[in-house]
Amino acid sequence: MENLLEIKNLSIEYDTDERANKAVNNLNLKIREGETLGFVGETGAGKTTTALGIMRLVPDPPGKIVSGEIYFEGENLLQKSEKEMRTIRGNKISMIFQDPMTSLNPIMTVGEQIQEVIELHQNLAKDELRKKAEEMLETVGIRKERFDDYPHQFSGGMKQRVVIAMALACNPKLIIADEPTTALDVTIQAQVLELMKELKDKFNTSMLLITHDLGVVAETCDYVAIMYAGSSLEYGNVERLYNNPLHPYTVGLFNSIPSLDEDKEKLDVIPGTPPDPANLPTGCRFHPRCSRCMEICKKSIPKTIEVEKGHFVSCFLYDKEIKEGK
Amino acid sequence: MAKYIVKRILLLIPVIIGVSFIVFGLLELSPGDPARNILGTNASPEEVTALREEMGLNDPFLVRYGRFLKDLVLHGDLGDSYISRTPVVEEIASRAGYTFKLAVFAIIIAIVIGIPFGIISAVKQYSLFDNITMVFALLGICMPVFWLGLLLILLFSVHLGWLPSSGFDTLPQMILPSIALAAQSVSVITRMTRSSMLEVVRQDYIRTVRAKGQKEKVVIMRHALGNALIPILTTIGTQFGQLLGGAVMTEVIFSIPGVGRLMVDSIMMRDTPMVMGCILFVAVAFAIVNLIVDLLYSFVDPRIKSQFS
């Protein structure tokens with residue numbers, strides 16, 4: 001399968017007067033056509049910044065894409081003009097945002113807002129535009145009579161459906177969903193996820209699903225990337241990675257999920273807190289919190305190693321040269 | 001909606017009663033005798049007493065206030081001026097046009113300059129344009145009208161001789177007073193537009209529109225400005241209200257026979273009916289402007305509209 005999106009050595013910084021926050025550091029990722037990649041990490045790991053980077057919507061100032069390449073359909077998005085980017089945004093790559101409560105314009109009807117994206121990218125007559133927008137509403141399970149209603153007349157879950165309708169309206173190749181269910185009730189979460197999965201299969205769209213919920217990833221994703229301090233520590237097929245987590249951080253994440261079978265007084269947590277992006281630790285970003293930290297981890301950044309087919313990890317524990325040299 | 005308008009107009013009644021009672025009371029407490037003012041310092045005490053009796057000034061405060069209200073409610077009459085003996089309503093009506101025209105010109109200048117400058121300042125925050133605009137906006141707020149007015153007259157009328165320095169009937173005559181009066185409102189509206197826009201452009205829904213691939217111009221003008229408009233409208237409303245009532249300085253400096261000047265002159269002369277009339281004019285104008293602004297909200301924001309129905 002072709003790589004639809006490939007990110008190479010991407011670094012994004014937020015520069016303020018006193019400090020440069022390195023939000024994304026040397027990130028490498030790829031998504032193939034029709035595939036869903038789960039993008040997992042703690043708050044502040046650089047997940048949303050990466051997503052905005054792909055859309056070239058990192059707020060500048062203070063944000064800046066410092067280096068790297070983002071290939072989409074074989075072309076580097078970072079070399080595109082703003083005008084070319086506008087034909088891609090909402091059309092070939094679209095985004096679903098975290099908080100449906102705030103991601104719709106409160107003074108425009110939901111119908112108009114869906115219509116707007118279709119109007120931008122497709123050459124349709126006025127009545128056809130409306131029809132297409134109404135169709136999209138029905139696709140996400142909202143009666144088309146509600147076309148002229150305003151966002152405040154909808155519940156959170158319904159608003160997220162509208163956002164999804166907007167994102168899918170132009171049959172994009174790639175959907176970036178930034179924690180699409182975090183702000184919703186658990187029951188609504190399941191509905192929205194189910195809907196997204198269904199529509200993704202129907203339109204054969206690839207998806208980058210940003211989340212911090214490992215359960216959601218298991219249910220919806222084909223591949224998963226574990227983010228920490230702006231770079232990916234482990235990447236692989238969901239099944240393999242879940243059965244055989246390699247990186248100490250990934251192992252820690254799985255251990256911190258409470259199990260129904262065990263009776264525990266306290267949950268296992270990863271000690272410490274995520275590093276300050278303006279003052280990242282030397283060597284492996286995770287070493288100060290790592291239970292299996294070695295001397296070399298403090299000094300140099302580990303290479304990415306393919307441990308089994310399609311399962312990559314950036315950790316010296318799996319670097320044969322280091323192990324043998326010791 | 002109609003019900004709401006009627007309700008708001010009825011609410012004017014307590015406003016008028018409250019304002020008139022306070023002003024009537026203040027004039028009562030302030031020193032000076034209208035009868036003495038009319039007759040001049042040479043009049044004998046007997047003449048003054050006779051005139052006071054004739055004008056009903058010897059009646060108790062509440063009786064006089066009651067009489068004032070009765071005339072106002074039953075006949076729409078605000079009485080006659082103590083000085084010119086002409087009906088107050090006529091006098092104000094003949095001058096209201098000037099004041100209204102001056103305020104309208106000033107607010108148009110303020111909107112036409114203030115909103116675009118505010119938008120550009122917000123979009124290019126901390127740029128040279130923004131910094132210069134903000135310095136001028138600060139100057140405009142700090143600069144007293146009488147000072148700016150005099151400087152304008154000095155430059156454009158005295159030195160350059162381009163524009164007349166007094167009157168308000170022809171277009172050239174209207175330019176300087178309108179600019180002088182608008183200066184403060186321009187600044188206030190610019191700053192309000194800037195800060196309101198700055199708040200809106202950081203909202204998630206603006207990011208959503210950008211993610212749709214919309215042009216930046218449409219993002220700013222349609223999505224951002226539309227949402228930033230409520231506080232801007234409020235400011236325009238209060239500014240316009242103030243321009244209607246607070247053009248006193250401008251009217252004095254540029255010799256415009258408006259309501260503001262009439263009010264100052266009448267206060268000097270203890271001309272109670274005239275002062276009452278002028279202040280009621282300002283109060284009612286202010287209240288009506290506010291009502292219009294409140295109604296405009298519902299066109300700008302559908303969430304407010306749904307409260308009316």
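This report covers the overall dimensions of chain A and one of its sheets.

**Whole chain**

The model is predicted. Chain A holds 10 helices and 12 strands. Along the principal axes, the C-alpha atoms fill a box of roughly 70 × 50 × 45 Å. Of the 326 residues, 43% count as buried. Take the contacts in chain A between residues at least 6 apart in sequence: 65% of these join residues at least 24 apart.

**The sheet**

Which order do the strands of the 4-stranded open sheet in chain A follow? The order is E2-E1-E4-E5, and the pairing is antiparallel. Strands E2 and E5 of chain A stand at the edges. Each has a single partner strand, so one side of each lacks a neighbour in the sheet.

| Strand (chain A) | Residues |
|---|---|
| E1 | residues 3–15 |
| E2 | residues 20–32 |
| E4 | residues 63–72 |
| E5 | residues 75–76 |

Strands E1 and E4 of chain A run antiparallel and are joined by 8 bridges. A:Ser11 stands opposite A:Ser67, a residue of E4(A).

**The helix on the sheet**

Helix H1 of chain A spans residues 47–55 and packs on this sheet. The helix touches E1, E2 and E4 of chain A.

Methods
Residues are numbered from 1 along each chain as its sequence is written. Chains are lettered from A and ligands numbered from 1 in the order in which they are written. This is a predicted model: local features need pLDDT of at least 70, side-chain atom pairs count only at pLDDT 80 or more; totals for chains, interfaces and linings use all residues. Two strands pair if DSSP finds at least two bridges between them. Helices (H or I, at least four residues) and strands (E, at least two) are DSSP runs, numbered from the N terminus. Two residues are in contact if their C-beta atoms, placed from the backbone, lie within 7 Å. Axes are lines fitted to C-alpha atoms, for helices over the stretch in contact, and angles run from 0 to 180 degrees between N-to-C directions. A residue is buried if 20 or more other C-beta atoms lie within 10 Å of its own, exposed if 12 or fewer, and partly exposed in between; C-beta atoms are placed from the backbone.
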